[in-house]
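Please examine the sequence and the structure shown here.

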Amino acid sequence: MIIVIGGGHAGIEAAAASARLGVRTVMVTLSKNKIGEMSCNPAIGGVGKGQLVKEIDILGGLMAEAIDKTGIQFRTLNSSRGSSVKSTRAQADRVLYQKWMQNRIEAYPNLVVLEDEVEDILVKNEKVVGVILKRSGQIGAQAVVVTTGTFLRGLMHQGELKKAGGRFGEQAAKSLSSSLKRLGFELIRLKTGTPPRLDKNSIDFSKCVPLEPDLSTPPFSFWSDRILQPQIRCWITKTNRQTHELIQANKSRSPLFNGQIQSIGPRYCPSIEDKVFRFPEKESHQIFLEPEGLDSELVYPNGISTSLPIDVQDSFIRLIPGLEDVKVIRYGYAVEYDAIRPTQLKHTLESKTISGLFFAGQINGTSGYEEAAGQGIVAGINAALYWKQEPPFDLKRHEAYIGVMIDDLVTLGVEEPYRMFTSRVEFRLSIREDNAYVRLGPKALELGLVNDDKKRKLSEALEGYNDLKNRAKSISISTEQGSFSLEVLARRTDIDVDAKSIATKLGVDPKILETVIVDFKLAGYLSRHQNEIKAHERLEKIKIPKNFRYGNIPGLRAEFREKLEKIKPETLGQVSRIPGITPACLALLEIFISKGFRDEKVLSCS
């Protein structure tokens, strides 16, 4: 049996993946009613994040289908900047999304949900053997996946007020941090936050700029035919000098700046206090007013996350255009919580020291639903494969955004909550939103991660993609400028290609045609990429023995030895991405590893 601790976005994908692979799985959560809760922004996707969701989807995950069923404003971001950075984002109906997830988890084969709190993880002979629950006592398990989100010793801040809790109205998990410490894990303290929630009926939208949905944006999921919910508009407003002056005047009451909060928050999703104090030259900051649902009166003001006191929030919010008479339903707050240093994990998200113990989500130092879900699905798959005693599942940097994220976490670690961006991905021309099914479809089929119906559709899509690409030179397309082969037309930058029209004429799936067109359009760059990927793969194939010690290899500087001994890289490729490691150090290591030294007296690097 496999136990998944937590019912957030990481826990959902971990438990569902494990169950899909035929392993009896128990999800332990503090509250069944909170499974699938969108704790902060009710949205899925975005720059870099949309790619993660598409990959989760092809591996059989739930997130993409959930947002297609419950999304109320779909948009395509970066569409003018090219296919390599184009990303999908959708605003969700918060209640519908959560209900959809809960219904799916409740009906999932091989999966049971247990409402309880894990107080201790049981380990014997460096292998996990079960957990101790607060109410139910001891339960045995061959593998455990920890996905505790912001609940480990969670502490909420709202001005001078401090209260234990993982999020609004929910208790913190107090015992598990002590258990992890006893097991030898190094814990770090991180912070996240959320903005106030506003009454829609009290906002003067005439002072705001409307943001319309992009009705041409296709569904997230490869399996979805259409977007289900009606599409609505959001609005844009912004802060001003008066807003900033009021916040500056209350710096001494901000937990972020008066020493009350000492942990580090997300750099790329900062609070309004962070923005005002760290970017004093900026006269305004944009705010997106996003409805929380079709029937909800709540509006999420994306861009003013805050932990300032309630009276200060009341004042500064009403200095923002359109919000002069706003009614605040719930005030913003910050949460401090425990996480582990992710360098203590393998690329499979299994602990390097305790077999069968996996970690995913914010406990690994990430920020965001999509990052959590991407880790969750990998941890769940690997927990099931561990239970089955089968080879692990490991996504490389050149294969998936998920692979980049996990490699960053376990190689570089985190000092602040990690967020995925396209700029982190060196092979982003090859790993795009549109070709996730080509990249990861074969892996999903090989592992049995999708049901029979999806297996058939995926197999047909892969066959169709290969067939269309092979026939592209012989397929003739007529345009106003003349007749061209599909391959030549795809490469022409002076001719607008109507992919939908061509797909209809050819009788092919528009998704498949889009991938083929982009492949030909980027062919020269992709060829160069392949050479870089081959060099990358060569280093990844050079494994470092588990007991390889870095003490006696002549010429290796002490600072390199310290880094290598701390991170314990699994491959020479991982060594190459450790900050500060030089080509000379890499070459020296390769020489010693290639000689196959196994004697502990010889196996050292200094």
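Is Asn125 buried or exposed? Asn125 is exposed, at a relative accessible area of 68%, where buried stands for under 20% relative accessible area, exposed for over 50%, and partly exposed for values in between (1.4 Å probe, protein chains only). The model is a predicted one, in which local features need pLDDT of at least 70, side-chain atom pairs count only at pLDDT 80 or more, and totals for chains, interfaces and linings use all residues. Residues are numbered from 1 along each chain as its sequence is written, and side-chain values use heavy atoms, with hydrogens and water left out.

Asn125 sits in the loop that links strand E7 (118-124) to strand E8 (127-133). Helices (H or I, at least four residues) and strands (E, at least two) are DSSP runs, numbered from the N terminus. Most residues other than glycine have a negative phi. Asn125, although not a glycine, has a positive phi of about 55°.

A positive phi, of about 60°, is also found at Gln389, again not a glycine. Gln389 belongs to the loop between helix H9 (369-388) and helix H10 (401-412). With a relative accessible area of 76%, Gln389 is exposed.

The structure contains zero disulfides, a disulfide being a pair of cysteine sulfur atoms within 2.5 Å. Cys234 takes part in none, and the nearest cysteine sulfur, belonging to Cys208, lies 11 Å away. Cys234 counts as buried because its relative accessibility is 2%. Cys585 is buried as well, its relative accessible area being 3%.
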